[in-house]
Amino acid sequence: MSIAATVTDPGVAGPSTRNWKAPIGFGVGALIALFVFAIGGPAATAVFRVSDDSDRFRLADIALPANVVGWVVAVALIAIAVYAFLQVRGGRGINRWAGIAYAVLFVVGFLTWVVGIADRPSISLAGLVAGSVTLAIPLIFGSLSGVLCERVGVVNIAIEGQLLSGAFAAAVAASVSGNAYVGLIAAAFAGVLVSLVLAIFSIKYLVNQIIVGVVLNVLVSGLTGFLASTLLSRDSATFNSPPGLPEVRIPLLADIPIIGPILFQQSIVGYFMYAAVIVIWIGLYRTKWGLRVRAVGEHPQAADTMGIKVNATRFWNVLLGGAVAGFGGAFFTLVSVSSFTRDMTAGQGYIALAALIFGRWNPIGAFFAALLFGFATNLRFVLSIIGTDVPSQFLAMLPYIVTILAVAGLVGRSRPPAAGGIPYVKE
Amino acid sequence: MSVNRPNAGSASEETAAPPPVPGTGDTTPAPDQEDHGRGILKSIATGSSLVAILAVVLSIILGGLLIALTDEDVAAASTYFFSRPGDTLLAAWEAASGAYAALFQGAVFNPGADSLGLMFRPLTETLTVATPLILAGLGVAVAFRAGLFNIGAQGQIILGAMFAGWIGFSWHLPFGLHLLFVVLAGFVGGALWGVIPGLLKARTGAHEVIVTIMLNYIAIYLVGFLLTTPSFQNPGSSNPISPRLDDTAVFPQILGPQFRLHLGFLVAIAATYGVWWLLNRSTVGFELRAVGANPFAARTAGISVTKGYVVVMMLAGGLAGLAGVAQVAGTERVLTSGIAASFGFDAITVALLGRSHPWGVFFAGVLFGAFRAGGVQMQTLTGTPIDIVLVVQSLIVLFIAAPPLVKAIFRIDQKKTAKARKGSKNQLVSGGAA
C-alpha cells in the first residue's frame, strides 16, 4: 500500500537538488575534533573500566592515550567529511553508515578527550551505560506515548502531564495499598485519565490539540502540586511512602560485562520498557492494526473511505498512549525516588517529545534518541565526580544543541504524520 | 489578491487566534478594538463573552470544590456527615470562600490597610505581576497569529533579562539614556533567541516547538554559566547572582516607593497597542495573519511565508525579551538564574485565554497577574497552596477553548452553537481562500 510505503520511507536520500547541509555539518564537526580533540588533546591516558571488582567475569580496562585517539578520530572525521563533500558534488546520496560511523567516532573522540582532561582520568564504562539507560526509561515511555498518539494524527504535548500524573498516582496507590504493583496499575490509569481529557477535547470538541496539551500539563502540575502540599504532606506515612519496586536480576545473563546490567538487571518497569518498544514497533509496522493507525494519521479521508473509523481509532490510541506514559511515570516514584514531590518530572515530558521527533516518530528511533538524552545527563553526573574543567552547564546544554542540529536537518528532514494536529470532521 | 489594509471588521477575525483549526473555539469573534462598544454588544449577543464569563465562574467553582474537598475541617466534619450534614457543608463553604476572600484581598483591595492608598496596594501588585505576563503573552500571541507555536518565551525572557541586565550593571550612562539602552538590549536579546527557531523553521523546516523547547533549556544553562563568570557575577559573592543594576538603569516606580508598580507597566500598555496596530493596521501584520491562516494561500498570493516566520519570531522574541526587562529592571533589579520564574510558560496560557488578540492578552495578563498576586496572600493567610491558581487558570483556558462544553453544562442554546460552529468553519475556509 502506498501509505505504508511513504510512512516507512526514511527519506534520508536527498532530493535531486544538491543538499550541502550534511557535508558542511560534517566539516564543522571534523574541525572541532581537529582543534579540540587532536591539537588540544591532553597527554594523559583515559581509562575506561569495563568491569568492577565485584563482577563475576572481569575484563581488562581500556586505556587510551588521549592525544593519539584525538588525532585518529580527527583524521577519520575529516575523511568522512571529504567523502560527503565528493558524494554531494557528484550528485550522489551519502551512505547512511557514513553518518552513523561519524557519530560514533565523534562520541569516542569526545569521551576520550573529556575524560583525558579530568583530574582523575578514569571512568566506569559499565556504570556510564547502565546509568544512561536508567535515566532514559521515563523518556522512552513518554516518547512511545507520543508515537502512539501522533501516528494516529493527534499531537500529544501532554506527555509531561501524563508522566507526572502517573508518578503521583503510583505514589499514592502504592502507599495506600502497600503494594508497588497496584501503584503501577494506578499510574497507567492516571495516564489514561489525562489522555481522556486530551481525546475528548481534541476529537469531540475539536479544540486545538497543542493548546489542550499545554493546558493539561499546567492542570496536572497544579493539581498534583496542590494535592501534594495538602493531602500528601499532611499524612505522608499513609499517602506518600510507596514501597519501591525491586530490581529483578536474571542470574548469569546479568553477569555479561556492560550489556548484562542494562538488559538483565532492571526493575520491572525497565523490562516493560524494552517490551513496549518492541511490541509497539511490531504493532505499528507489521500488523493490520498498525497499518490502519498509520493510515488514519496520514490520510484520514482515505482511511475513512476504506471503512476505518477514524475518530474511534484516534480515541483508543490516545488512551493507549496515556496508559504507556502513565506507566512510565511510575518510574519516578516507585524506582527512582521513593516519594512524590511536586513537579518531579521536571520537564522530562518535553524532552520525550524532542526524542520522539528526533527519532522520527518511530519507536526504535525514539528509543535511541531518548538514550542519547539519558547518556548526556548521566555523563554530566559522571564527569562532575571525576572532576573536569569543562563547565557543567555546557555539558548540560549538549543534548539540546545536538537535538536542534538534528532537527534542523543534519540527519535528514524528519516528517511528521501528515494529518497530525488536524481534527477529522466527517463530511 | 491585493494586499490591502484589512478592515478591522469581521473579515479580520477569522485569522484570529492560535493555529487555524476549525472550531478551535473561535465560534464567535472576540470584540475588535475599532468600535469597542458595538463589538462588545455584538459579542455578548452572540455569546462569546457569556461563555468566557461562565468559563471563569465554572473554573472558580471547581477550584473551590477542590479546596473544600482537601480541607481538614471539612474532613473532620464529614466523619459525622449523616447525623449533621450542615456542618460539613458549612465547613466546605468556609474553606472555599475563605481562600477566595484572601485571594481577592491579595489581588485587588485590602480593607485592613492603614490608608486608602495602601488599601489599593494589592491592585498595584497585580499590575506589577501582570507586566511580564502581558509582554511575554503578546510574544506568544503574535507567533500564534502567524501559525507558529512559540513555547520559547521562557528562554527569550532569560536572554532579554541577560542582555538588559548586563547593560544595566556594567555600563554607566546618564539617566534616561541608560534605561533606553537597557530596554533596547532586552528587546534585542529576546529577538535573537526568537529568531533562531524562526530562521530554522524557514530554512530547514525544523519544528519550532522542539527548537524553542531546546532553546529554553540552553538559555537556563547559559545564564547559569554566565553568572559564574567574572563579567556577570557580583564581585565578592559566591552565589550565582549579578551586581545590582545602576539606579539610572531601572524603571522608576510610578506611584512612589511604597508601591512596586513600575514604568514597565506603561511599556506593556504601549506594547499592547503597538502589537494591535501592527496586526490590524499594517501590511506586515496582514501578511503575518495571512501566513497564519493559510500558508499555502498566502504563498499563492505572493506573500513570503519564510520571511513571515523569521519576522514574527523576531518580534515574538523581542516582546518576551521586554518581559525580561520588566523583571530585571523593574521588580528584581539583579540578574539571577531564576529571573524568568515561570512567566514564559504562564504566558502561553495568557495568550490562549486572550485568544491571541492583543487587548485580550492584556486583560488575560491582568487576570492571571491577579491570581498570582492574590495566590501568594491566600497561601499565607489560609494555607491554601498557590497551586490552586494553576488549576483554576488551566480550567479557564480549557473551558473557553470548548464553548459547546460550557454551553452544555449550563444548558444554553445548543442549536445555535452547532450553527455557529458550522459558520465559523465556513468562515475559516473562506478566510484561507481569500
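**Entry 1: the core.** I looked up the largest nonpolar core and found 285 residues in it. Such a core is a set of buried Ala, Val, Leu, Ile, Met, Phe, Trp, Tyr and Cys residues joined through C-beta atoms within 7 Å; buried means that 20 or more other C-beta atoms, placed from the backbone, lie within 10 Å of a residue's own. Among the residues with the most contacts inside the core are Ile140(A), Ala370(A), Leu135(B) and Val312(B). Helix α13(B) gives the most to this core, 15 residues; helices here are DSSP runs (H or I, at least four residues), numbered from the N terminus.

I note that this is a predicted model, where local features need pLDDT of at least 70 and side-chain atom pairs pLDDT 80 or more, while totals for chains, interfaces and linings use all residues. Residues count from 1 along each chain as its sequence is written, and chains are lettered from A and ligands numbered from 1 in the order written.

**Entry 2: one residue.** Leaving aside neighbours within four places in sequence, I found Ala370(A) in contact (C-beta atoms, placed from the backbone, within 7 Å) with Ala136(A), Leu139(A), Ile140(A), Ser143(A), Ala352(A) and Ala355(A).

**Entry 3: a helix pair.** I saw that the axes of α6 (residues 121-145) and α13 (residues 305-332), both of chain B, come within 7 Å and cross at roughly 170 degrees. The axes are lines fitted to C-alpha atoms over the stretch in contact, with angles from 0 to 180 degrees between N-to-C directions. So α6(B) is roughly antiparallel to α13(B) (over 145 degrees).

**Entry 4: between chains.** I found 39 residues of chain A in contact with 41 of chain B. On the chain A side, α8(A) gives the most, 15 residues.

Technical notes: Helix = DSSP H or I, 4+ residues; strand = E, 2+ residues; numbered from the N terminus. Parallel < 35°, antiparallel > 145°, perpendicular 65-115°, else oblique. Buried ≥ 20, exposed ≤ 12 C-beta atoms within 10 Å, placed from the backbone. Contact = placed C-beta atoms within 7 Å.
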